[in-house]
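Please read them alongside the coordinates.

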Amino acid sequence: MQQGAVIRLDGVTKTYQAGAPPALANLSMDVAAGEVAAVMGPSGSGKSTLLNLIAGLDRPTTGTVTVAGRRIDNLSESGLARFRARHVGIIFQFFNLLDDLTVLDNVLLPAQLAGASRRTARARAGELLERMGIERHRDDYPARLSGGQRQRVAIARALVNSPDLLLADEPTGALDTATGLAIGRLLQQLNAGGQTLVLVTHDPALAERYAARTVRLLDGRLAAAEVAA
Amino acid sequence: MSWPGRNWLGPVRTATGGILRHKVQAVAIGLVVLVSTASATLGLALLAASNTPFQHAFGAQDGAHVTVTVNAARAGAAELAATRHLGGVTAAAGPFFSSTVSAQFDDQPYGQFTLAGRGSPAGPVDDVVLNAGHWPDGPGQVVLDGSPGGGGPGLGSTLTVTGVPGTPVLTVVGFGDSITNTADGWVTPGEIARLRAPGAPQSAQVLYRFTHAASYGEVRADVAEVSRALPPGAVTGAASWLAAEHQATGNGAIMEPFVVAFALIGLAMAVLIVGNVVSGAVVAGYQRIGVLKSVGLTPAQVVVAYLSRVGWPALAGCLAGVVAGNVLAIPVLHNSADAYGVGSQQVPWWASVVAPAGMLALVLLAGFGPALRAGRLSAAEAIAAGRAPRTGRGYAAHRFAARLRLPRPAGLGLAAAFARPARTAVALAAIVFGATAVIFAFGLSSSLSRAEASQTHSATIPVRVEPFGPGTGPGQAPSAAQDAAVAATLRAQPGTRHEVAVYGNGVKVPGIAGNVNAQAFGGDAAWTGYGIIAGRWYDAPGEVDVNTAFLDSSGLAVGDTATVNTGTTQVTVRVAGEVFDPDSQPRMYGSTRTLPGIATPANLYEYDVGLRPGVSAGAYVQAVNGALGSRNPWQATAQRHDGKFYSIASGLVGLLAIMIAVAAGLGVLNTVLMTTRDRVHDLGVFKALGMRPGQVLTMVVCWIAGPAVVAAAIAAPAAVALNTATVRAMAGTAHTGIPASFTQVFPPSRLALLSLAAVAIAVAGALLPASWAARARPAVALRAE
């Protein structure tokens with residue numbers, strides 16, 4: 001186990017249906033603070049399940065999950081929601097922006113849910129939109145943006161509460177190559193600033209280019225872990 | 001559309017297997033249809049019950065056209081038996097020996113009863129319907145006319161018969177209804193002899209049905225024929241069924257307006273909710289239909305599959321609803337029968353067929369259009385339509401809500417109502433109907449309470465002193481000394497706040513056929529609390545108040561003068577006001593100075609007494625009766641709560657309002673449920689971003705909060721208008737105007753409070769799906785799309 005781990009999974013098993021093979025089986029792993037870890041594996045290998053457990057979107061059947069120094073597998077739903085709001089930012093493959101909210105309101109939302117003051121939240125959102133290069137779109141609706149712009153909005157939204165951990169589920173999966181590269185560089189910049197990042201991806205190039213360590217899953221088990229050059 | 005032959009229904013059955021996977025929607029459809037069918041069944045039963053209930057009961061119970069009372073000493077059994085064969089007599093029952101007795105209940109005078117000795121409630125004429133208990137099968141038992149409760153005797157109570165040797169005690173063993181009120185109670189035939197006062201003639205009743213008895217003239221002719229067939233003086237009295245019919249029709253018709261009002265609200269609700277459920281289910285099911293078509297279902301199979309998906313839960317709801325409606329109707333119709341003064345009423349068989357069949361047809365009709373559309377869609381179109389694409393609606397509302405200083409979940413919820421305006425409008429309409437019904441029910445209950453208080457004077461005249469039994473004056477009337485003793489006793493009681501002697505007699509007023517029932521008060525009577533419809537209570541000699549029937553009969557108006565012939569003199573009076581006295585007979589109220597000739601000892605029929613605050617009516621009555629002594633015929637009685645109609649009507653109003661509110665809540669539940677399903681992915685996103693379960697609950701409840709506030713603003717004035725119109729319609733059927741205070745039952749603060757019913761219905765309906773949404777795991781919600 002690493003010292004100063006932001007993520008620590010210990011003997012985690014997740015079974016969706018009794019009698020069915022587990023989605024994750026007795027998995028143990030750590031992710032250190034400031035690290036970029038890529039999770040790879042074929043469909044059905046348990047990548048999304050792992051991401052959901054780390055994000056507190058789901059609970060393990062057995063085992064413990066500790067994130068940012070806090071054991072989350074035994075938190076209540078409210079506790080998990082508070083945890084997500086304060087400690088985790090999530091970037092989805094298909095952005096999952098709320099169509100009926102403007103770009104600014106999408107970014108503000110997690111801060112508002114976490115109880116941040118109006119002024120602080122707006123200042124932080126403005127700063128992030130500028131950093132993502134989409135400040136001029138702040139009053140637009142997501143449907144009017146390109147895929148790359150939407151993913152930038154999603155990243156800004158994920159960062160608005162300055163989370164300890166950024167989780168990205170196929171962040172370039174819905175983007176063209178050039179845009180995907182740009183988003184990759186953006187994530188790399190964030191990591192350079194100390195942001196811990198877990199990438200779930202099918203794309204070996206993305207993992208190789210940006211991740212310090214790649215975790216490979218096969219049938220819910222850790223196949224191998226490797227450290228990039 | 002094609003209808004292939006073999007195994008055509010196989011794929012349909014497979015396709016509709018999804019019902020079990022949409023349990024909540026199926027349960028929502030089933031419950032709404034259940035409530036709608038139950039209320040429709042009840043409504044139809046009530047409408048049928050209010051449709052000539054007397055005639056139906058009269059036919060079912062072989063009511064007596066005429067109850068002839070004979071002096072049994074003058075007519076022998078053979079002579080009475082011979083009258084059965086008179087021309088025009090179609091059936092006869094009796095003779096039943098009878099006696100009119102004075103009784104006490106709880107040591108208080110309880111009035112006079114005509115008791116008849118009958119071995120059985122059944123017979124060829126006047127089949128008495130037992131409401132409770134059993135028919136007397138031994139000495140000392142009595143069945144009373146009516147139903148138990150209302151502060152009077154109940155099963156097992158005892159009545160002490162006064163004025164006969166041994167003061168026998170009768171135990172109440174049952175309650176029954178004679179459609180023509182042939183007696184106030186029934187005992188075994190052998191009991192009558194010991195209930196007859198010494199020296200009183202032996203009376204018997206003979207009950208007849210005639211070929212021709214449709215009018216008072218025909219009834220008089222029938223009675224005359226019976227009288228001629230018996231020795232002179234044998235017939236001592238005859239009661240016509242027409243008088244009972246008149247009384248029953250007056251009672252029952254009053255309920256019709258509000259029953260109709262609730263039935264219309266219920267029907268509109270049912271149409272609205274069912275339509276909403278089915279359309280929502282169609283939209284939600286498009287994608288599935290597209291998939292089914294892509295695997296080979298024909299358009300006709302799609303239509304049938306879709307209709308059966310809503311049809312099966314609806315059918316279950318219809319069947320359960322008709323059972324529930326029948327069960328609910330039992331106590332309601334029991335009360336209704338009491339109010340109409342008929343023995344019993346049942347749910348007509350056709351109501352149990354029409355209500356569920358109509359509701360099922362409504363559901364299928366509402367579903368057929370969308371299902372047909374789905375059947376005609378290409379598979380690709382259906383799948384695309386099933387994704388319920390965003391239309392851009394509600395964006396501005398979200399933008400506005402984001403600027404409000406509201407908790408963010410509340411703002412998100414309030415704005416969401418604008419995303420699907422049609423669905424929101426339906427939910428709003430359901431809440432409007434539900435809230436209107438609730439506010440209307442409270443208002444109507446208040447109006448009825450005021451009418452009851454005004455009609456029975458139970459609050460203002462808690463004690464009345466009336467003569468029971470013979471006095472020592474001429475013709476066994478109370479003597480002047482006995483009258484004077486009453487006045488002195490009442491004045492001597494420290495609890496007396498007001499007391500006034502009341503005289504009554506018929507007077508003649510030109511222009512009005514028949515007598516006008518005049519009441520003359522021997523002192524100040526303004527405190528008696530008659531509701532003033534127009535004008536004011538009389539306060540000077542020469543002024544009178546009258547009821548609505550008087551003004552209608554005479555064509556006079558408040559402020560006009562009338563000539564009154566009191567029998568001893570003729571006076572001119574000015575109509576100072578119109579008072580609330582629901583009666584088809586004209587009535588007049590004035591002072592003894594205004595109506596001279598009425599204030600004679602023979603016309604003195606009661607003293608009305610008002611008590612000081614805190615004085616118990618029971619204790620006061622005991623004190624007065626103790627002071628008067630048992631030899632004085634005047635006895636004080638505490639006001640019996642005689643407003644049975646009002647309590648029945650209020651109960652019915654409450655039941656109907658609750659049913660409609662529940663249906664409205666289910667309508668809201670369904671709407672919120674559909675919206676929750678539409679937005680399940682968004683809910684997953686909200687949760688992933690850190691929205692807590694409590695915040696989800698707030699947001700989902702707020703989806704419906706905006707429409708609820710709008711609904712409250714619509715329902716409040718609607719309910720006020722409905723209440724005013726209904727109370728006026730009820731008053732119209734009771735031949736009376738109403739004081740303005742009867743409809744002014746909604747002071748602003750109360751109306752504002754009652755308007756919260758809209759919010760309560762909305763929140764109650766939204767809470768269940770909101771809590772489901774709050775509990776849903778974010779990972780599951782994110783996967784749901």
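**Notes on the model**

1. A:Ala68 is partly exposed, having 18 other C-beta atoms within 10 Å; buried means 20 or more other C-beta atoms within 10 Å of the residue's own, exposed 12 or fewer, and partly exposed in between, with C-beta atoms placed from the backbone. A:Ala68 sits in the loop between S4 and S5 of chain A and has a positive phi of about 55 degrees, though it is not a glycine.

2. The model is predicted: local features need pLDDT of at least 70, side-chain atom pairs count only at pLDDT 80 or more, and totals for chains, interfaces and linings use all residues. Residues are numbered from 1 along each chain as its sequence is written, while chains are lettered from A and ligands numbered from 1 in the order in which they are written.

3. A:Asn96 also deserves a look. A positive phi of about 50 degrees is found at A:Asn96, again not a glycine. A:Asn96 lies in the loop between strand S6 (88-91) and H3 of chain A and is buried, with 22 C-beta neighbours inside 10 Å. Helices (H or I, at least four residues) and strands (E, at least two) are DSSP runs, numbered from the N terminus.

4. Chain A has an open, antiparallel sheet of four strands in the order S2-S1-S4-S5; strands pair if DSSP finds at least two bridges between them. S2 (24-32) and S5 (70-71) of chain A are the edge strands, each with a single partner, so one side of each lacks a neighbour in the sheet.

5. Between chains, 23 residues of chain A contact 22 residues of chain B, a contact being C-beta atoms, placed from the backbone, within 7 Å. H2(A) gives the most to chain A's side, with six residues.

Terms used: Contact = placed C-beta atoms within 7 Å.
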